[in-house]
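Work through these exercises with the model in view. Each task is followed by its solution.

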Amino acid sequence: MTTTEDQRISYLPVPTEENAHEGVKKLWAKAQANMGFVPNVFQAQSLNGEQFLAWWNYFNLLVNKDGFLTNAERELLAVVVSGLNRCNYCAISHGAALRYFSEDERKADSVAVNWRHARLTERERALCAYTEKLTLTPAAVVEADLEPLRAAGLTDEQIMEAVQVIGMFNMTNRVSSALGFVPNAEYHAQGRG
């Protein structure tokens, strides 16, 4: 998996099929079958198998299962957080997902750099503004910051889910950046015309 310096996907060692946790191996096989590749984040975080699987279960629930926000909205939040945090792995991988779910590669690419320059709906703008404040200045967030979200039509359940997704990506960005996770090459082409 990571035999040379050019192929490194993490600053730490990455388990192999032979020494990975059994649950991790099952997840790798499922990803390979569904996506055609195993995301590097699945490999890099699996050094601590139990912790990785716990992270994955919550991440999967927030990002991949039916929820209160659309898939495109959740990926929008992921890309805004990751762009603000300069997380290479997540900005690229979730930029690919945003291109796919929004069916708008220009929007996805613009959001990754500066969401203010993207063509967004009022609802998307409210989500992006809240995401930016919670990511960059969490101590400054107050109850009144929820009002633009409500004015844009978000329910309390959607607001709660947005906060959870924003929090998840801030944490995941820290892990990915701290350990130098490298995005899979496949992400660069996904969702492009």
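**Exercise 1.** Which helix gives the most to the lining of the largest pocket?

*Solution.* The model is predicted: local features need pLDDT of at least 70 and side-chain atom pairs 80 or more, while totals for chains, interfaces and linings use all residues. Residues are numbered from 1 along each chain as its sequence is written, and side-chain values use heavy atoms, without hydrogens and water.

Start with the terms. A helix is a DSSP run of H or I with at least four residues, numbered from the N terminus. A pocket is an open set of points on a 1 Å grid over the protein atoms alone, where a 1.4 Å probe fits, with protein on both sides within 12 Å along at least five of seven lines; lining residues have an atom within 4 Å of a point.

α1 (22-35), α2 (40-44), α3 (49-63), α4 (71-84) and α5 (88-102) each supply at least two lining residues. α5 gives the most, with 8 residues.

**Exercise 2.** Find the residues closest to the centre of the largest pocket.

*Solution.* Of its 29 lining residues, M35, F42, W56, F59 and N64 are the closest to the centre.

**Exercise 3.** Describe the second largest pocket.

*Solution.* Its volume is about 170 Å³. Its lining includes L12, W55 and F181. The largest share, 3 residues, comes from α3.

Note on methods. Points joined across faces, edges and corners; volume = space filled by probe spheres on them.
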